[in-house]
Amino acid sequence: MHEPYQKTGYLHSDFRMFYLIDHEKKEFELHYHDFHKILIFLNGNVSYTVEGKYFDLQPDDVVLVSAGEIHRPVIHSTIPYERIVIYLSPDFFRTFQNSEYDLFYCFEQAARNHSSLIRTRSVPSASGALPAPAVSPASAVSPTLPVSVALPKANAEAFSNLNKELIKACHSQEFAASLYRRIKFMEYLILLNRSLLCHSSLLVHASDFNHTVLNIIEYINEFITEDLDIEQIAEHFFLTRFHIMHLFKAETGITIGRYITEKRLFIARQLIQNGSSVTDACYQSGFRNYSAFYRAFKNKYQAPPGKLR
């Protein structure tokens with residue numbers, strides 16, 4: 001049975017930016033990219049799921065998706081889904097990384113706080129702070145993430161104005177248009193990191209998630225390159241094999257076995273592209289059977305692993 005889980009999008013440079021709008025309600029399948037993605041949400045009735053976490057989006061929200069993370073938008077109505085999408089290769093961030101600053105800081109902070117969403121336009125409550133989202137006890141919010149507060153008005157306006165400039169840049173056909181798009185995005189990325197450094201509370205809690213599934217995902221990613229199977233995971237979490245398989249599929253839309261395989265394929269592909277031999281990439285990424293790895297890789301990328309070299 002085909003799993004609703006695939007690699008989509010291609011990046012042949014270190015940076016691409018799009019302005020997109022869907023006027024009709026459509027369904028998106030779970031997918032992942034070999035590059036990092038930033039989505040600036042502008043309009044619509046949309047939730048976003050990233051690695052088992054669900055976020056309800058508001059205008060000017062920023063969704064951060066690291067390379068290899070499974071994700072998809074969920075469209076709830078026919079309101080036009082409008083957004084700016086930016087694709088960024090790992091090399092993009094390495095180019096601008098030094099002892100003075102690290103533009104990847106926003107992604108690192110999001111991951112550290114188990115979030116994928118930065119809110120650049122908050123509506124404060126009477127006390128000046130947003131209440132924490134209501135979740136079930138089984139889905140308790142991580143205590144490391146503070147309650148969201150409103151961004152200072154000047155900062156929020158700066159984001160809103162930059163969003164308009166990014167849209168214009170996406171449409172521009174004038175002299176050095178591609179360079180202009182890059183410059184405007186760099187301005188946005190600097191503002192995003194500066195704001196997060198001053199206001200860590202801009203990171204938003206997931207509106208819905210299953211605490212057990214998030215722990216399972218974290219455990220898998222920690223030991224993905226080691227011996228790892230469903231029986232071992234079930235034993236670690238004191239669950240039956242059937243229960244853990246049913247729970248994971250119900251919450252994420254994919255099987256736990258498929259999730260492990262896809263994560264390992266992603267790692268193997270990165271290793272090969274960085275110069276490792278196919279055999280080394282197979283075992284270093286967690287596969288224990290070369291034939292199984294070869295078949296899975298060829299089926300996934302429509303080419304044998306040696307072709308990447």
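**View 1. The β7–β10 pairing in the predicted model.** V63 has L117 of β10 as its bridge partner. Three bridges join β7 to β10, and the two strands run antiparallel.

**View 2. The open five-stranded sheet.** The strand order is β2-β9-β4-β7-β10, with antiparallel pairing. β2 and β10 (117-119) stand at the edges. Each has a single partner strand, so one side of each lacks a neighbour in the sheet. Neighbouring strands are turned by 20° against each other on average, direction ignored.

**View 3. Helices α3 and α4 on the sheet.** α3 packs on the sheet and touches β2, β4 and β9. The direction of α3 makes about 100° with that of β2. α4 also packs on the sheet, touching β2, β4, β7, β9 and β10. For α4, the angle with the direction of β2 is about 85°.

**View 4. Helix α4, residues 177-198.** At 1.5 Å a residue, the 22 residues of α4 should span 32 Å. The end C-alpha atoms are 32 Å apart, which agrees. Buried residues of α4 include A177, R181, K184, F185, L189 and N193.

**View 5. The largest nonpolar core.** This core has 36 residues. M17, I38, I86, I118, F185 and L189 have the most contacts inside it. Elements giving two or more residues to this core include β2 (15-22), β4 (36-43), β9 (81-88), α3 (153-171) and α4. A second, separate core has 32 residues, among them Y259, F287, F293 and F297.

**View 6. Surroundings of L189.** L189 touches I38, F92, F93, L103 and C106, not counting residues up to four places away in sequence. L189 is buried in α4.

Note on methods: Residues are numbered from 1 along each chain as its sequence is written. This is a predicted model: local features need pLDDT of at least 70, side-chain atom pairs count only at pLDDT 80 or more; totals for chains, interfaces and linings use all residues. Side-chain values use heavy atoms; hydrogens and water are left out. Helices (H or I, at least four residues) and strands (E, at least two) are DSSP runs, numbered from the N terminus. The expected span of a helix is 1.5 Å times one less than its number of residues. Buried means under 20% relative accessible area, exposed over 50%, partly exposed in between (1.4 Å probe, protein chains only). A nonpolar core is a set of buried Ala, Val, Leu, Ile, Met, Phe, Trp, Tyr and Cys residues joined through side-chain atoms within 4.5 Å. Contact means heavy atoms within 4.5 Å. Two strands pair if DSSP finds at least two bridges between them. Axes are lines fitted to C-alpha atoms, for helices over the stretch in contact, and angles run from 0 to 180 degrees between N-to-C directions.
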